[in-house]
Each structure stands twice: as C-alpha cells, then as structure tokens.
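Here is a briefing on one structural model. Please look over the sequence and the coordinates before reading on.

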Amino acid sequence: MIQMEYYLVVSTIMMFAGIYGFFTRRNLLAILISVELILNSVDINFAVFNRFLFPGQLEGFFFALFAIGVSAAETAVAIAIIINIYRNIRNIQVKNMNELNG
Amino acid sequence: MRPELSLIAVILLLFFFDLFAKGKARDYFQPLACVLMAVHVLVNVVPSREAFSLFGSMYQYVPMMSIVKTVMAIGTLVVILQASNWLVGDDTRHKQGEFYVLLLSTLLGMNFMISAGNFLMFFIALELASVPMACLVAFDKYKHHSAEAGAKYILSALFSSGLMLYGISMLYGTTGTLYFDDMAARLSGTPLQVMALVFFFSGLGFKISLVPFHLWTADAYQGAPTTVTGYLSVVSKGAAAFTLMVILMKVFAPMVAEWQTVLFWLIIASITIGNLFAIRQQNMKRFLAFSSISQAGYVMLGVIGGNAMGMTSLVFYLLVYLAANLAAFGIVNVIERNSGKLDMDDYNGLYRTNPKLAFLMTLALFSLAGIPPFAGFFSKFFIFMAAFSEGFHLLVVIALLNTIISLYYYLRVVKAMYINPSDAPIATFRSDGYTRLSLVLCMAGVLLLGIASSVYDGIHLFSFGL
C-alpha cells in the first residue's frame, strides 16, 4: 500500500505550484487556475489525514466535500467578474488592469 | 440563534418584495429595507443572558457575541441609509433587491462566523461573508473600476482562504478534530502546529486587512461603490476582528506565546505601513483605505492581551470606529454623488460652500485621529490601556507615536476644507433625507459614546478573557 507521506508530497507540490503561479501568471484565468490548485491540495490533505490517521471518523472527508462545493461557488463568481472585465476592456491580461494605482 | 433567524426573515421578506412588487410599490423598497433592518436591530438589542450551544456545539453562543452582532447590524442599517441616493440612480434602480439580499447575506455569514464552534462552520460562514461581498464590490456593472476591484477582491479572497484551509488541514492532521473545544485540549504547540497557526492567520488577516495581507485593500476600496467601501471597512472588518479574538482565545489558548509574537509584528507593520502610505494619497477613498489599515492595527491591540479588558475595549473601539468611519464615508459618498469629485484637492474651500458637511467631516476625522473629547479618544485610550496592562509597553509606545503621524494626514483634509483657497469649490447642495439621518446617527455616536460611560460598562459586563 502507498504510504501517507507520498500523498503529502503531492499535495505540498500542488500547494506551492499554486502559490508560485498566483504570483507569476499574468492572465486572470491562469491566476484562477493556480488558486484552484491550492484549494485542491487542501482537499487531498484532508482526505489523506482522515483515511490514514483517523480512519474511524468522517470529519476530514466532509470538510473536503464542503471545500469543493464552496470553491466551485467562488470560482463561478470569479469567472462572472472576469467576463465582466472582458466586456469592458476586451482583455483579461493583468497589465491592462492599471486604472487603480496610487 | 435569534439574530440569525430574524436576519433570515428580513432577507426573505426583501427577496419576495423584490419578486412580487410592481410599479408604484417599488418606490417603497428603500423605506421597507430601512424599517426591517431597524426592527432587526431592536429585536436583538437586549442579549439573552445564558450561554448555550446548538447542533452538537457547531454553533456556540455567549452574550458578548450578541452585542457584537447588534453593533454590526447597526452598521449595516447606516450603510443602507447611505446607499439610498446611489441606488435610485438609473443603472442601479432595477437591481436594488440584489443589493439588499447580497449585503444582508454577507451580514448573515458574519453572524455565523462569530458564533462558529467548529472549523467547518467557520469556513463556510467566512465564505458566505466574502463571496457575496465580491459581487457587491463589482456591483457597478458598467464601470471598469468596479469590475477590476471585484476581480482583485475575489482572487485575493480565494488565495487567502486557500492558505487558511491549508493551515486548518494541518491542525486537523495533528489533532484529529475540527471542534474548537476538543482542538484546544489537544494542541501542544509542535512546530507543525505553529506553521498551521501562521497559515491560519492569512484567512482572517485578509478580511481585517492586516499588513502582509493588505495588498487588495486600496484598490478594492477605490474601485467599489462608496457605500460598499464603507461597509467593507467597518462591518466586515469588525466582525472578522472579533472572530479572530474569539478563536485565538478559545482554540489557540495553549499556544498563547506564539500568537502573541505573530500579532506583535502584525500590529507594528499594519499601523506603521498604513500610516506611511496614507500620507501620500490624493484620492479620498484610497486615503480612507490606508487609514483603515492602520486602524485595524489599533483594533488588534485589544486582541493581543487576551484579557477581558481587551475584549471590552475591542468591541467599544469597533462601535466608535463604526460611527466615525461611516460618517466620513457617508460624506465622501454624498459629495461624490452630487459633484462627482473624489480627490482631496477638490475639497479645497468646501467650508465656504457646504459648511455643515465640512464641520461634520472635521468631527469624524478628529474622532478617527483620537482627539478629546470625541469618542475616538476614549476608545484609543481604553485599547492602549488593555495592551499596556498586559506588559506590551514597547508596542503601545510605537502605537502612540503613530497616532501623531495619523493626526498629520487627518488634519490635511481639514486644512483642505477650511484653509486652502480654491477657484472652483464644490457647489452648494442639499443632501437627501436618508443621508442626513445616517449622519445624525453617526454624529450621535461620535459625540456621546465617549462621554456616556454606561456604554463601556455595559459591554464590560459580558466580556471574558483567556
């Protein structure tokens, strides 16, 4: 059987790939994808901890389920706002979003 | 459960009114919303005395929470009053209902967040408070500013809640529970748990806009509709600050030395950086955004001690800050509606054309800066005293020095209004009745809260420490 550490390595790599992408990507949708990577790595964490460390209960699985649902709702709102930006300036590159700068 | 139930009732009533009211009846939308919110405040103004927990202690209640919820509801009522002259405009008139439902949904999320007794409940409530908030920030659909601010807000919210969830997953992995009470008994302060604590800070630090998590603040505040900005800076921030205090005291009590160190540096960074950036702002909304970052640092001074006095002074500070900051935003809003001007230079000579507004703005800014005899002085005094009594002497001295800097930039606005000459000052106008009412409410708070000591004593009856 695969040990717990291997799952955690995968989730940690996903987490930091997401953080890296969030700061380096220049396209709003790519930034959104990076954030989704972070959220999904958390779901893996919860499922793995629950399965390997506390197999008698379901708290971690339920948390992962709710986190998936909530992040779907957030993504829907984020995409709606990005579409709105596209309608306004025909572009979703971060470099064109410079009207708010002080 | 009473505040949540009555708030849900208000949301449903407004929702059905939006669905079924036609033609002439829709003119009564605004008064109806105000009256319903006022009823909601009145129903909940007296807290029920006993602490209890529901749903297997997923929902916990102590009387102090009810007080904070009432304070937040009052803030929302003032925001709804101020929103009137913006909502009757041509491009927002048809979606008034959406505004109320979204606004009150975030308030509902904050209420549940305050009373959460489990990290799952806390997470869902936090998201309920921040997802509709992004819709509100992007509410001005045809303005590019608003959409850009909304995108920045929701992406930062997603990012910080992702980091927070990572922290919570580590806490779950080391303790095997998500309930606050059980987790407090099993935490031991291992390095992994300290890391989880730091990650956890990002979620609420984002909502309070403490310094490493503040990058969205100025842009979102500037781009959002002004009434929404007022709501963001007061109600959303206040609820998150109180929740942070409750969770730090309940869950992280075994790691008190660690979180006090984290908070120590966060407070210094927030107060100083907020102040230094506020000095060079020209746009009034950006200026108030940076001022609110530094005010968030002051609010955290009440948290760091973790004692009952700190909690009292925190809630009192929130109440006073609510009155002063919403007054300032109300005036910025009404000036923006009537003249379209938002820059500090545009305020030159405001005293000559609109003396009453200029005077009220001066009072609000004096209260924010902490000049006696306004309420802001007393709230700052109590919060410094709470931190000082726990031995954070250096921190209080730094905060005091920063108060002097903040006085400089608050007085810049006053100088612009009273002293700077102007060839084309903002024309004289009459503000509408709703805005006047909201300003009267805020000014009553600014003038009376500090002098009427019964408010502070009343809050102190219910507060608790570590």
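This is a predicted model: local features need pLDDT of at least 70, side-chain atom pairs count only at pLDDT 80 or more; totals for chains, interfaces and linings use all residues.

Residues are numbered from 1 along each chain as its sequence is written, chains are lettered from A and ligands numbered from 1 in the order in which they are written, and side-chain values use heavy atoms, with hydrogens and water left out.

**Helix 13 of chain B**
- Helix 13 of chain B covers residues 308-339, 32 residues in total. Helices are DSSP runs (H or I, at least four residues), numbered from the N terminus.
- From first C-alpha to last, helix 13 reaches 46 Å, close to the 46 Å expected at 1.5 Å a residue. The expected span is 1.5 Å times one less than the number of residues.
- Of its 32 residues, 27 are buried (under 20% relative accessible area, 1.4 Å probe, protein chains only).
- Gly340(B) follows helix 13, with a positive phi near 75°.
- Asn325(B) sits in helix 13 of chain B. Asn325(B) counts as buried because its relative accessibility is 0%.
- Beyond neighbours within four places in sequence, Asn325(B) is in contact (heavy atoms within 4.5 Å) with Ser233(B), Val234(B), Leu288(B) and Leu368(B).

**Nonpolar core**
- The largest nonpolar core has 212 residues, and Phe119(B) and Phe252(B) have the most contacts inside it. Helix 13 of chain B gives the largest share of this core, 20 residues.
- A nonpolar core is a set of buried Ala, Val, Leu, Ile, Met, Phe, Trp, Tyr and Cys residues joined through side-chain atoms within 4.5 Å.
- Residues touched by Phe252(B), not counting those up to four places away in sequence, include Leu171(B), Phe200(B) and Trp259(B).

**Largest cavity**
- A cavity is a set of points, on a 1 Å grid over the protein atoms alone, where a 1.4 Å probe fits but cannot get out; lining residues have an atom within 4 Å of a point.
- The largest cavity holds about 60 Å³ of space.
- Its lining includes Tyr317(B), Tyr321(B), Ser367(B) and Lys380(B). Helix 13 of chain B supplies the largest share, four residues.

**Second largest pocket**
- A pocket is an open set of points with protein on both sides within 12 Å along at least five of seven lines.
- The second largest pocket has a volume of about 480 Å³. Among its 19 lining residues, Thr70(B), Val71(B), Ile74(B), Leu319(B) and Leu449(B) are the closest to its centre.
- Helix 3 of chain B gives the largest share of this lining, six residues.

Notes. Helices (H or I, at least four residues) and strands (E, at least two) are DSSP runs, numbered from the N terminus. Buried means under 20% relative accessible area, exposed over 50%, partly exposed in between (1.4 Å probe, protein chains only). Grid points are joined across faces, edges and corners, and a volume is the space filled by probe spheres set on the points.
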